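I opened the model to look up a few local features. My notes follow in the order I took them.

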Amino acid sequence: GTTTLVINPTGDLASHTDYYLTVASTAVIDTAGNPYAGISDPVTLGFTTADTIAPQLFSTAPTDGSTGVAMNTNITLNFTEDVSPADGNITIHDATNGGIATTIPVTSGRVTTDGTTVTIDPVGILDEGIAYYVNIDQGAFQDEDSNPHLGIATTTGWTFTTTTDEA
């Protein structure tokens, strides 16, 4: 005989979700024929699955492809869950030649986080009438369970063009 009961769900359990298990009093019988008393409450075998989902970037300001963006406009990232700076950089590139306009460490004073929102202050960095693309290092931001944001590593994932007028 064995003293272990294995319960194998028919599907995967959702990330970061509360569950509990009930066991009918007739579900388990020992070798002497005695039934297990069972579990009918949601507390005895309650648990929460681990958060295994990385935070997703769902919007930016300026939006991808924006034109006429003021050079002193803050850059805003909105995530699907609260994030904090971890380790890495936000790199703003000149889209005409791929050159690096600036690299901003996510732990610098130019980057602030407030729950799901990250604000980057590029004042004095952006030039007028320039097309830019933005890269974010993988893992630069993470959620409360240390799941890293996957970052942006392409030249077309997030682009914008500044205005020729200071607004």
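Is Ser146 buried, partly exposed or exposed? I read 48% relative accessibility for Ser146, so the residue counts as partly exposed. I keep in mind that this is a predicted model.

**Backbone entries**

I placed Ser146 in the loop between S12 and S13. Its phi is near 70 degrees, a positive value in a residue other than glycine. I found a positive phi at His16 as well, about 55 degrees, and His16 is not a glycine. His16 sits in the segment before strand S1 (18–20). With 46% relative accessibility, His16 counts as partly exposed.

I then looked at the peptide bond between Ala61 and Pro62, which is cis, with omega about 0 degrees. Pro62 belongs to the loop between strand S3 (57–61) and strand S4 (66–69).

**Asp143**

I went back to the loop between strand S12 (141–142) and strand S13 (159–162), where Asp143 is found. Asp143 is buried and has no salt bridge. I noted Arg110 as the nearest side chain of opposite charge, 27 Å away. What does the side chain of Asp143 reach at 2.8 Å? I traced it to the backbone nitrogen of Asn147. Not counting residues up to four places away in sequence, I listed Asp51, Ile53, Pro55, Glu81, Asp82 and Val83 as touching Asp143.

**Core**

The largest nonpolar core has 23 residues. I wrote down those with the most contacts inside it: Leu77, Ile90, Val118, Ile120, Ile136, Phe141 and Phe160. Strand S5 (75–79), strand S7 (89–94), strand S10 (117–120) and strand S11 (131–136) are the elements that give two or more residues to this core. For Val118, leaving aside neighbours within four places in sequence, I listed contacts including Ile75, Leu77, Phe79, Val83, Val111 and Phe141.

**Aromatic pairs**

How many aromatic pairs does a search of the whole structure find? I got 4. One of the pairs, Tyr19 and Phe47, is stacked, at 5.8 Å centre to centre and 25 degrees between the planes. Tyr19 is in strand S1 and Phe47 in strand S2 (residues 46–48), 28 residues apart, and the pair links distant parts of the chain. I have Tyr19 as partly exposed at 26% and Phe47 as partly exposed at 40%.

Trp158 and Phe160 form a tilted pair, 6.4 Å centre to centre with 50 degrees between the planes. I noted Trp158 as buried, with a relative accessible area of 1%. Phe160 is buried too, at 2%.

Note on methods: Residues are numbered from 1 along each chain as its sequence is written. This is a predicted model: local features need pLDDT of at least 70, side-chain atom pairs count only at pLDDT 80 or more; totals for chains, interfaces and linings use all residues. Side-chain values use heavy atoms; hydrogens and water are left out. Helices (H or I, at least four residues) and strands (E, at least two) are DSSP runs, numbered from the N terminus. Buried means under 20% relative accessible area, exposed over 50%, partly exposed in between (1.4 Å probe, protein chains only). Lys and Arg count as positive and Asp and Glu as negative; His and the chain ends are not counted. A salt bridge is a side-chain nitrogen of Lys or Arg within 4 Å of a carboxyl oxygen of Asp or Glu. A polar contact is a pair of N or O atoms within 3.5 Å; within protein, one must be able to donate a hydrogen and the other to accept it, and residues adjacent in sequence count only if both atoms are side-chain atoms. Contact means heavy atoms within 4.5 Å. A nonpolar core is a set of buried Ala, Val, Leu, Ile, Met, Phe, Trp, Tyr and Cys residues joined through side-chain atoms within 4.5 Å. Rings of Phe, Tyr and Trp (its six-membered ring) pair if their centres lie within 6.5 Å; planes under 30 degrees apart count as stacked, over 60 as edge-to-face and the rest as tilted.
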